[in-house]
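Hello,

Here is the structure you were waiting for.

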Amino acid sequence: MGNGDGTFQAPRVFAAGSFPFSVAVGDFNGDGLLDLAVASGGSTTVLVLLGNGDGSFQTARGFPAGPFLGSLAVGDFNGDGRLDLVETTYNSGVSVLINNTRTENVSFLSARSFVSGGTPFSVAVGDFNGDGVQDVAVANFVSAGTVTVLLGNGDGSFQAPRVFAAGSFPFSVAVGDFNGDGFLDLAVANSGSTDVSVLLGRGDGSFQPARNFAAGSGPLSIVVGDFNGDRRLDLAVANIYSNNVSILLGDGDGSFRAPRNFGTGSQPSFLAQGDFNGDGFFDLVVANGGSSGASVLLGNGDGSFQPARSFAAGNAPVSVAVGDFNGDGWQDFVVLNQVSNDVSVLLGNGDGSFRPAIAIAVGNYPWSVAVGDFNADGRLDLAVASSGSNDVSVLLGIGDGIFQAGQSFTAGSAPVSVAVGDFNGDGRVDLAVANRDSNRVSILINSTR
């Protein structure tokens, strides 16, 4: 800091990555205070240190660029009034980072913890007792598996847990009205078996004894949809050991027909549904944990699916979610990659094909990703549960398929599943997180203003 007479104060040091090579100055968040941008030759990210206005700087935030960064400069390259960055990258030319700073932010109150059951592994949301308040269902990963239901009080708190028997080692739970009585039911993928359990709801928060229906080997993930257009809910199940998806067509009375199986990639671990080619039929996207990609199965509208098409993602995909992330009217999907600690964003072309994946860093050892508009700006955001860092990261969407760096919120011990819902009735999207190692569910109430 200059004293104004040609002398300077003692240096103040701020962390800036490995082998920093170049530094540039600009007001990158429009607060009137100068910030720093640093290109680090030892990494593939540009670090931005936001200024506090007193000569100190906030902790650096990293933004992906190219390999072996060199010279860095500042300019407004798209004419939006925000300062962008351009840097040289070894053997790769230059990289331009367009500034997508928004004034909107997102915040959550400190997590509140509620007892669930033995080793909670999946969480889903629904109104199970018809009181207009959203409740939570949790699949508990134990040999004599159970499902825990936490009935909401409407203020973000929950009643004592109610436990119902399921199958062997439940891994995933989904919600739907399978017998058309107006009450929500539960479907559970039992990973230690070859079946799924269906628990029909009584409408008061309790459930009938589980009925089991055959699927494939090692069911890990289950979703609900009408795959044959008969207005009855069906089930799609990802089977990790048989490398396929089982489709169980519903009869409308809570029972399901024998499975029809369709091949996927290696070790399918999670699936989601969407309409990726705009034909009005449900399609499926599957994260293949034994590979570095995802499979897309286009639906024919009669309960059958076309052969799987593979798309590259990151290392060890474990979760997938669907949404229109760039506002073009076509559905896209994101794949959560456990070993590479990132999400892959694949933007849809509207014909069942997708553009190359865009990687965005998340927390350590992530398990689950969910989609919601957490800051109410009309753009879809992501929530990622990371067991290695015991937190949930929220990545705010820019609206063009790109997401801001994650904001972290503390959850419980080893969070492995995240779901969205409005648990206090204020119209904002909250989070429910299943914490594997603490046998509890964390509720994060959205306090964004």
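Which residues do ring pairs link into a cluster? They are Phe121, Phe141, Phe169, Phe171, Tyr365 and Trp367.

This is a predicted model: local features need pLDDT of at least 70, side-chain atom pairs count only at pLDDT 80 or more, and totals for chains, interfaces and linings use all residues. Residues are numbered from 1 along each chain as its sequence is written, and side-chain values use heavy atoms, with hydrogens and water left out.

Aromatic pairs

Rings of Phe, Tyr and Trp (its six-membered ring) pair if their centres lie within 6.5 Å; planes under 30 degrees apart count as stacked, over 60 as edge-to-face and the rest as tilted. The count by this rule is 23 aromatic pairs. For Phe121 and Phe171 the ring centres are 4.8 Å apart and the planes stand at 45 degrees, so this pair is tilted. Phe121 sits in strand E9 (residues 120-126) and Phe171 in strand E13 (residues 170-176), so the pair ties together parts 50 residues apart in sequence. Strands (E, at least two residues) are DSSP runs, numbered from the N terminus. Both Phe121 and Phe171 are buried, meaning under 20% relative accessible area (1.4 Å probe, protein chains only).

Phe164 and Phe207 make an edge-to-face pair, 5.4 Å centre to centre with 75 degrees between the planes. Phe164 is buried at 14% relative accessibility, and Phe207 is buried at 4%.

Regards

Note on methods:
Helix = DSSP H or I, 4+ residues; strand = E, 2+ residues; numbered from the N terminus. Buried < 20%, exposed > 50% of the residue type's maximum accessible area, 1.4 Å probe, protein only.
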